[in-house]
Amino acid sequence: MMPMTFQVSNNVTLLFDFWDVHGPAGMVLSVFVVLLLTVFYEVLKVWRVWLGNGSKLSQPATGYTAPPSCRTDSSSALDSSPSESSLTPIEPQPPTTSTRKSWLLHVIQTLLHIVQVTLGYMLMLCVMSYNTWIFLGVIIGSVLGYFISFPLLGQTDRRLCPPRSDRL
């Protein structure tokens with residue numbers, strides 16, 4: 001019978017029958033693999049957000065250009081509002097290009113979602129082994145993945161909103 005409380009043990013079966021851990025070396029390797037899977041899960045979450053918000057595939061192909069809304073404490077509403085010159089028509093692109101791009105983005109987002117959900121459930125099942133070391137591997141991997149990948153999400157905003165030269 002499987003334990004229903006956290007155990008500190010070197011013996012555990014994770015996810016599949018062939019992933020049967022016996023001994024400290026196997027446990028260290030298993031914790032490292034689970035940690036890497038969790039880091040990948042966190043990076044995947046941020047990558048999906050970046051792909052949805054900041055990639056060139058997600059930008060609509062409209063006939064007008066408008067500046068991104070980059071408001072700061074020192075900027076006024078007039079600084080961030082579009083002017084007449086920014087609303088002038090540009091060369092319209094054929095609708096098939098934007099339709100293809102939106103479908104490609106949708107397919108990529110769907111595949112990444114499948115990978116993310118599958119990996120999330122597998123990590124949940126690893127935690128449900130009630131092994132303390134595996135649990136700590138998932139927690140530390142989540143912290144490391146967030147620490148590594150979250151600053152990458154902020155680079156999208158910096159790319160869209162260049163620093164203003166009139167600020168000191």
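**View 1. A salt bridge between lysine 45 and glutamate 42.** The side chains of lysine 45 and glutamate 42 come together in a salt bridge with an N to O distance of 3.4 Å, the term being used for a side-chain nitrogen of Lys or Arg within 4 Å of a carboxyl oxygen of Asp or Glu. The structure, which is a predicted model, has local features reported at pLDDT of at least 70 and side-chain atom pairs at pLDDT 80 or more, while totals for chains, interfaces and linings use all residues. Residues are numbered from 1 along each chain as its sequence is written, and side-chain values use heavy atoms, with hydrogens and water left out. Both partners lie in helix H1 (residues 24-54), 3 residues apart, which is about one turn of the helix. Glutamate 42 is buried, with a relative accessible area of 7%, whereas lysine 45 is partly exposed at 32%; buried stands for under 20%, exposed for over 50%, and partly exposed for values in between, with a 1.4 Å probe and protein chains only. The structure holds 1 salt bridge.

**View 2. The aromatic pair of phenylalanine 6 and tyrosine 130.** The structure holds 4 aromatic pairs, where rings of Phe, Tyr and Trp (its six-membered ring) pair if their centres lie within 6.5 Å, and planes under 30 degrees apart count as stacked, over 60 as edge-to-face and the rest as tilted. In one of these, the ring centres of phenylalanine 6 and tyrosine 130 are 5.6 Å apart and the planes stand at 80 degrees, so the pair is edge-to-face. Because phenylalanine 6 lies in the segment before strand S1 (11-13) and tyrosine 130 in the loop between helix H3 (95-127) and H4, the pair ties together parts that are 124 residues apart in sequence. Helices (H or I, at least four residues) and strands (E, at least two) are DSSP runs, numbered from the N terminus. Ring pairs also link Phe6 and Tyr130 with Phe135 in a cluster, and phenylalanine 6 is partly exposed, with 43% relative accessibility.

**View 3. A nonpolar patch on the surface.** Val8, Val43, Trp133, Leu136, Ile140, Leu144, Phe147 and Ile148 form this patch, with about 760 Å² of accessible area together. Patches are made of residues with over 30% relative accessible area and no salt bridge, like charges being joined within 9 Å and nonpolar side chains (Val, Leu, Ile, Met, Phe, Trp, Tyr) within 5 Å; accessible areas come from the Shrake-Rupley method with a 1.4 Å probe, and for residues only the protein chains shown count as cover. Helix H4 (residues 132-160) supplies the largest share of the patch, 6 residues. Isoleucine 148 is found in helix H4 and counts as partly exposed at 48% relative accessibility.
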